[in-house]
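Hi everyone, thanks for coming.

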Amino acid sequence: MALINKSHPEEFILLGFAHRPWLELPLFIILLITYPMAMIGNIAIILVSKLDTHLHSPMYFFLTNLSFLDMCYTTSIVPQMLFNLGTSKKTISYLGCIVQLYFFSIMGSTECLLLALMSFDRYVAICRPLHYTLIMNQRVCILLVSIVWLTGMIYAISEASVTVKLPLCGINKLDHLLCEIPVLIKAACGEKEANELTLSVVCIFIVAVPLCLILASYASIVRAIFKIKSYEGRKKAFGTCSSHLIVVSLFYGPVISMYLQPPSSTSRDQPKFMALFYGVVTPTLNPFIYTLRNKDVKGALGKVMWSIFRPK
């Protein structure tokens, strides 16, 4: 690794897939296609949820927050990736790296909590239907979303701040596509076992605890669904929950493999593929999953498209 005469370099060299240069062009093309798809899909979800009065419910309020979060999440990394993959310059300034580190961490931790909140909303809707409008009123929804965003920010800022203070001993090469907490911990010099332990412990609260709440919510939901006598009622209940379960699986799987193990134990390419998955693939697929598996969203989207493109 290249060394310079101060702990923090002026810029980092992001090695990415430098050892596999044949991957760079296909990855550039994929990102060039998926990024606009992610932006258009999530903007469509937000607009449809706002314009169609039938979607003015807690479920779609949380979904618009997820779509906005996914737009920010993927925007925090994809433009930089496209620039590095499309040019011979594979660098990011130290300040740019720190900004990306904070932003990416805030979006990731907030999404963990928001997915748990969305599962709680489904739990109340299916297991406590008579009290749903009372429990999940507008004031409570705004309060819960505010708590989720604030908690995600507090966690991310505190964890990223500790990571930024780690000595790099002049190391200015990062074997990754972006600036991420486990990667900077792995690149740091000196004793870093305490930081790895702290990251694992904190991630238990920000990743494992919300996941346990999601699993507990859906265990209760499944029991409640099987008590519904009508086939149509069960089908509708499963339909409203299946999209969320798919999104949870796509997001939490890579996050757990990345954050709930010591950074020093990960393979060389694992962090890169995991970051691409939860930072690019999941935000791209989310709007399509919710649209294709939800009749209300499909119907509302059709109405909006018809109102825009209908003959005058």
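Before we look at any residue, one term: buried means under 20% relative accessible area, exposed means over 50%, and partly exposed is in between, using a 1.4 Å probe and protein chains only. Please keep in mind that this is a predicted model, where local features need pLDDT of at least 70, side-chain atom pairs count only at pLDDT 80 or more, and totals for chains, interfaces and linings use all residues. Residues are numbered from 1 along each chain as its sequence is written, and side-chain values use heavy atoms, leaving out hydrogens and water.

So, how many salt bridges does a search of the whole structure find? It finds three, a salt bridge being a side-chain nitrogen of Lys or Arg within 4 Å of a carboxyl oxygen of Asp or Glu.

Let's start with D175 and K272, whose side chains meet at 2.8 Å, N to O. D175 sits in the loop between β3 (173-174) and α7 (181-187) and K272 in helix α10 (residues 270-292), so this pair ties together parts 97 residues apart in sequence. Those names come from DSSP runs, numbered from the N terminus: helices are H or I with at least four residues, strands are E with at least two. K272 counts as buried because its relative accessibility is 0%, while D175, at 23%, counts as partly exposed.

Next, K90 bridges to E24, with the closest N and O atoms 3.3 Å apart.

Finally, R122 pairs with D121 at 3.0 Å, N to O. R122 is buried at 9% relative accessibility, and D121 is buried at 1%.
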